[in-house]
Amino acid sequence: MESILGIVNQIFEMEQKLASKGDSSGVTRNVNRMKHYLEEYGYTFYDPLHEDYNDMRTDCEASIVGDFEEGNMYISKVIKPIIFKEGGETPVIIQKAVVIVEKKA
Amino acid sequence: MSSTIDFAIDLGTTNSAIARSTHGGVDVFKNPLDLKQTLPSVVGFRRNRIIVGDKARELLGKDPENVFGSFKRKMGTTETFFVANTSETKTPVELSAYVLRELKTFVHTGEEVASVVITIPASFDTIQSNATKKAGYEAGFEEVVLLQEPIAACLAFANNGDRTEKAGKWLVYDLGGGTFDVAIASINEQELKIIDHRGDNFLGGLDFDHRMVTDIFLHAIFSNPALAYLKKEYEERTLDFRRLYQVLLLKAEEAKKQLSVKETVEVELEINDEDGIEEEIIISVTRDQFNNCIHEKLSYALDLVEELLIDNELEPADIQQVILVGGSTYIPLVQELLKSRLRIEVNASVDPTTAVVVGAAQYAAGKQKKVKVAKKEVADSDNEVKARISYPKSSMDSEEVLLLDFESDIESHFYRIRREDGGFDTGIRNAVPKVREFLTLAPDRLNNFKVEVLNAQHAPVPTNIPEIGILHGKFNIDGQPLPNDICLEVDDLEENRTKLEVVFPKNSILPLNKTVYREVSKTIYRDGQDKLIVNVLEGDRYALPETNQAIGIIEIDPAKLDMDLVKGSDLEIRMEISESRDLRVTVYLNQTDQEFDHVFNSSEKYVSTTRMEDELSLLIHNIRKDLGQKEREEDFEMATTLREYLAEAMAVEEEVALMKNTLSGDEKYHVCERKRRLAQKYDQLGKHARLTKLRVEYYQLKERLKKRIDENGDKSASLRFGEIVEHENEVMKGQSVYLMEGHVKKLESLNNDLYINSDEGIIDLYHRISIMDNSRFSDEKLAVNYKDQGQQALARQNYKELKVIVFNLLHLLPEKEEKSAWKNFKGTGIG
């Protein structure tokens, strides 16, 4: 399980790098392919960047920068994504996102 | 019901856990919200909501007036915690009770936990111990038995190994996330007791993370000229820097874990320079560097150990072994320093993070219960809390509102709503007659929520509230469903024909998109005639491909390829269908890095003459084969129909051949439609009878095989059998002769393998081959020789040798001509 989570986290990081630095050599295609194979094994991930944050969101482990103001917080950085594993009737979260949360400007 | 306590709780300063002893050992329960075995001992008060664990820990230090941790240190004191949000005062006992109640929710077995063993530090005096007991009773336990943490840890290790060899004095070295404790335990056949202990409540793993950040990461960052400006931000503790520091702390924690198993780790960081341009920095951290950071802290911990030994007039040599407890003992330097400075054997054979709760559960397994658990009252509909609920069944938004109207008296009650996948938790909230709660939805899936109503002691009470399911993203009630399956035609090289692979099943809601990954099934030469054909069909996935309607086809001419497309190279086929049913197909060839795409309009039909010729050729081949069989079986009625079909198929084939030169658009569609209708009629002909025959064949074979496998107890055969049978329902429902045949073949193959691997089977096969005329073998002399050897092996009852001989003889037989081989198979080129 640990290894699979490690692979998913690496793919997530690759996607982030491609998004910020561009994809001059067409690596996105390979990344999508890897995601497809992981999906076949039931693993999907989700990036909650810029979403609202409140302390009912147990799908994230938040490090809060500055003050916490209820109803006015957002996810400013995602270190690791939420990872779901399909299985049984509904999917389960096998990794919470590791995020940085701060007050909206 | 068990007469012993069985349940145990490690109520820690930083983290807590709950476990239960079972016949096979101990189960440490996991948090249903995140599947972790530990719960941070932190409680937060958010307006009228109470949160316990991870979410509360996030706010620790951010909201000190409402979020409290480390209250265990205050147990038994008069110190209280004023909660600003509620203007109430909470005692350490009350806060501990919240943690204990939350731990109860980890017990997924549905058992009523009335009696429990709770662990306490060796340093706890009578007042502190009684305070812990009181917290247990407040949490709803009827019987609380206390056990010292180091004793619990010793039990876990003692029960894990050979107790007699290790009798003597043990040192319990407990280094957790935020606290350090060391105790000397005396263990023998009769008793296990703690002689003395020491501790530091402010030393643990988190300190090591901070040291890695300040001593290694920041040093590397500040020495990068583009990032040197951050030094000033660090000194001023700006918001940007605090954000960066949190990221660095998370990276440090990760690196620390990796350094327990690796000598070097590389930490990648992306930090903006003064102009906002992202600078990538890679910091290589060695285990030696990390050891240097934490050496001083660990030396201090060892000083405490030595003080403890001196105070008790003990030499390290008097200690039998050191047992390791707490997650931070995974750090290799901890063990190295203990070994080098004290020269005592270190035992790390039990998971240090759960050793205390595991040992406590083992203790609980031998402790008789004093209270009897009252039988759970059967939910009486008159006593249950009634509520009317309303919520949308589907949503495209990231959150949806749930309305709960309580019809029963819910004074002094609470409620809690949790998402089944663990991604949402309201915490414990005061129940009011009308509740309006926003539920956060996970994207593109069904979100199940469970609503619990709790009594004053936070124990769940029966309600009429069902589980709530909200489907996110996938279902749009205004969306149009697909009337038929949309499939891709791919080659089946074993059967020398093509088959359908469903891409979008019937009733999927438009718009749709999906990428299918396949391999090229045959080498396509640039100077050859074979094309790569991506044929998208609409119809029934279980029918023959030629009976379906082509809705889009891309034929890649070999001349367009940059090089020969090698068999086995990868293909990516992306299909997108818009709401107006336009189909876009994009084919990417990985080997040549070429992309082909086409948009097919829903009002047009697409016909490929090449595919049509191929399909007709196969159709004629199959009809002829069936006709021959029916004639042999003297089924004249069926044979007459097949003759008519054959004549029709040949007429269509002729028309296609003529059309090649004069092909007008309308003519092409007409011929294609004729072919499709004929293929449909042929597919349906006797389909019911064929399916019935195959089903009977399948079930008879299955029965025989099951008996055979049960008799010989072959595990791998049993596994293969199970895998085949597992898909039985799917195949039976499918109404596809083709799929049924494939399924029967799988059973036949298993049956053959079992036959050939059994002594009776191999003897039988040998007899059948040995009576064959020698002239049938490719090398007569060798065949005679093998037959003689076989006779001798048979006499010696050496069936392994006989098997080899049988295989040698089989190799001398000419290969059987494949009866059904269709020589002209061209296929699509997609495997």
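Author: Let us begin with a hairpin: β1(B) and β2(B) form one, with three residues between them. Helices (H or I, at least four residues) and strands (E, at least two) are DSSP runs, numbered from the N terminus. The model is a predicted one, in which local features need pLDDT of at least 70 and side-chain atom pairs count only at pLDDT 80 or more, while totals for chains, interfaces and linings use all residues. Residues are numbered from 1 along each chain as its sequence is written, and chains are lettered from A and ligands numbered from 1 in the order in which they are written.

Reader: In which sense do β1(B) and β2(B) pair, and over how many bridges?

Author: Two strands pair if DSSP finds at least two bridges between them. Here strand β1 (residues 7-11) of chain B pairs with β2(B) in the antiparallel sense over five bridges. One example is I9(B), whose bridge partner in β2(B) is I18(B).

Reader: Which other strands pair with β2(B)?

Author: Strand β3 (residues 25-28) of chain B is joined to β2(B) by four bridges, again in the antiparallel sense. There R20(B) has D27(B) as its bridge partner, and the two strands form a hairpin with two residues between them. Strand β4 (residues 39-40) of chain B also runs antiparallel to β2(B), with two bridges; P40(B) in β4(B) is the bridge partner of N15(B).

Reader: How many residues of strand β2 of chain B are buried?

Author: A residue is buried if 20 or more other C-beta atoms lie within 10 Å of its own, exposed if 12 or fewer, and partly exposed in between, with C-beta atoms placed from the backbone. Strand β2 (residues 15-22) of chain B has seven of its eight residues buried, and is thus mostly covered. Across the 831 residues of chain B, 37% count as buried.

Reader: Why is helix α4 of chain B described as largely enclosed?

Author: Ten of the ten residues of helix α4 (residues 149-158) of chain B are buried, so the rest of the structure largely encloses it. Among them are E149(B), C154(B) and F157(B).

Reader: At what angle do helices α6 and α8 of chain B cross?

Author: Axes are lines fitted to C-alpha atoms, for helices over the stretch in contact, and angles run from 0 to 180 degrees between N-to-C directions. The axes of α6 (residues 205-222) and α8 (residues 239-259) of chain B come within 8 Å and cross at roughly 110°. Angles under 35 degrees count as roughly parallel, over 145 as roughly antiparallel, 65 to 115 as roughly perpendicular and the rest as oblique. α6(B) is therefore roughly perpendicular to α8(B). Residues including F208(B) and M212(B) in α6(B) meet residues including L248(B) and A252(B) in α8(B); two residues are in contact if their C-beta atoms, placed from the backbone, lie within 7 Å.

Reader: How many residues of chain A are in contact with chain B?

Author: On the side of chain A there are 31 residues, in contact with 32 residues of chain B. β3(A) gives the most to that side of chain A, with four residues. By class, the side of chain A that touches chain B has twelve nonpolar, eight polar and eleven charged residues. Ala, Val, Leu, Ile, Met, Phe, Trp, Tyr, Cys and Pro count as nonpolar, Asp, Glu, Lys and Arg as charged, and the others, Gly among them, as polar.
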